[in-house]
Amino acid sequence: MSFIRLSLSSLSIYCQRRVLSIFILGFSSGLPLMLVFGVLSFWLREAGVSRADIGYFSWVALAYAVKWLWSPLADHLHIPYLHQKLGRRRSWLITSQLAVVIAIICIAGKDPQQNLGLMATFAVLLAFASATQDINVDAFRIESAPEHLQAALAAAYLCGYRLAMIMASAGTLWLAALFSPDDGYYLAGWQQAYLVMALLMLPGILTTLLSKEPLSNLQQHRAAQGSTQQRFAAWLRQAVVAPFVDFFSRYKWHAILILLLIACYRLSDVVMGVMANAFYVDMGFSKEEVASVSKVYGVIMTLIGAALGGVLINQFGVIKILFIGAVLSAITNLLFSVLSQIGYDLMWLTFVISADNLSAGIATSAFLAYLASLVNLAFTATQYAIFSSLMLLLPKFAGGFSGQWVDQMGYSQFFIFTAVLGIPALVLIVLIERQRLKQNAAN
């Protein structure tokens, strides 16, 4: 009974209003990603676009990897009128969310067989708007609660994020099939499905409008400094230089190991993900089949993985779960290799997608909590954007060549190769933890 009471007490944290708000904002963040990075590749492959071009097309998502370039604006630039009405974080959130809606609608109005270049342009705009939204959701999440709630907020954010990814992928596939007269390629079906996805941004917009603006250390610092912070030189020092100086002053040369880990941690998962939907098409799975498996088993395992990740982090700490998550992510890539040898098999597809979502839930919960622990609240948006950008830069750049790699080595060897890409992250986690233990012993 005591174990049950302890478990219920641990899970009750997910019912707090702040946690539920972050869940919805996580959904709002996760929705555009799959529309520009995941399910779009399924659409393009059905439309006859080559695997190599699909791989190159994934480079539009590099906007997520360079968002640190404009992240200081979110900390220091006031959006006219909206800043006075909503505050710094919410004004940026609502602006980026509306931009996401407009970009999705623009993509829905194009035909990849006729306007692939223009569709790519709108995809870049969607990625830019989505990355800007991510900057501000991350900052809002970190500033909204004290450190002891950050693991729960990370799990709630991830849960909403992963649910949105399932909705954007499985939901879009299912809707595209529903709006199509047969099992073949039908442009209008895809276009209507994307318009529905634009409507699903509404909950995030409403949550932004109804939430309270968090008070960050930066706001308090500005209040103390008064008008001197309005000068450009002070702004440049505070917005661009100070976040970097702060990070390296706190971690010294160990900062290099930390940055390498951030750059490598998602390499295995992201590179494999670029070709996942093209793989499903080439294996003969229909839109309805992939959507049904992802919608049912993918959602269930996402919820379990995200919630389990948060609980495990609270019980065992971030580093241990970070390591376990990296191992699980590599193993699921090997399962994709097995599926490529088996061929068309719905049972195996269900098992692989379920395992992939479970491992991703655990790994990403730990990784988000780890990134949050590195941030100084005086530079929340800038530092977190740098970290989250770095974690995507190498994986998404490498992912652009994934179509060529599949053409050269085949799906089976490609998935094995992506599993091997997870080894550097494991080595770096061990090195970082050993160094941390040495420092603690010395102190």
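Analyst: A patch here is made of residues with over 30% relative accessible area and no salt bridge, with like charges joined within 9 Å and nonpolar side chains (Val, Leu, Ile, Met, Phe, Trp, Tyr) within 5 Å. A salt bridge is a side-chain nitrogen of Lys or Arg within 4 Å of a carboxyl oxygen of Asp or Glu, and accessible areas come from the Shrake-Rupley method with a 1.4 Å probe, for residues with only the protein chains shown counting as cover. This is a predicted model, in which local features need pLDDT of at least 70 and side-chain atom pairs count only at pLDDT 80 or more, while totals for chains, interfaces and linings use all residues. Residues are numbered from 1 along each chain as its sequence is written, and side-chain values use heavy atoms, leaving out hydrogens and water.

Trp-68, Leu-69, Phe-244, Phe-248, Ile-256 and Leu-260 make a nonpolar surface patch of about 560 Å². Two or more residues of the nonpolar patch come from each of helix H13 (232–251) and helix H14 (254–264), where helices are DSSP runs (H or I, at least four residues) numbered from the N terminus. Leu-260 belongs to helix H14 and counts as partly exposed because its relative accessibility is 41%, between the limits for buried (under 20%) and exposed (over 50%).

As for confidence, the protein averages a pLDDT of 82, with 88% of the residues scoring at least 70; pLDDT is the predictor's confidence in each residue, from 0 to 100. Over residues 223–229, however, pLDDT stays under 50. Where pLDDT is low, the predicted coordinates should not be read in detail.

Methods
Contact means heavy atoms within 4.5 Å. Buried means under 20% relative accessible area, exposed over 50%, partly exposed in between (1.4 Å probe, protein chains only).
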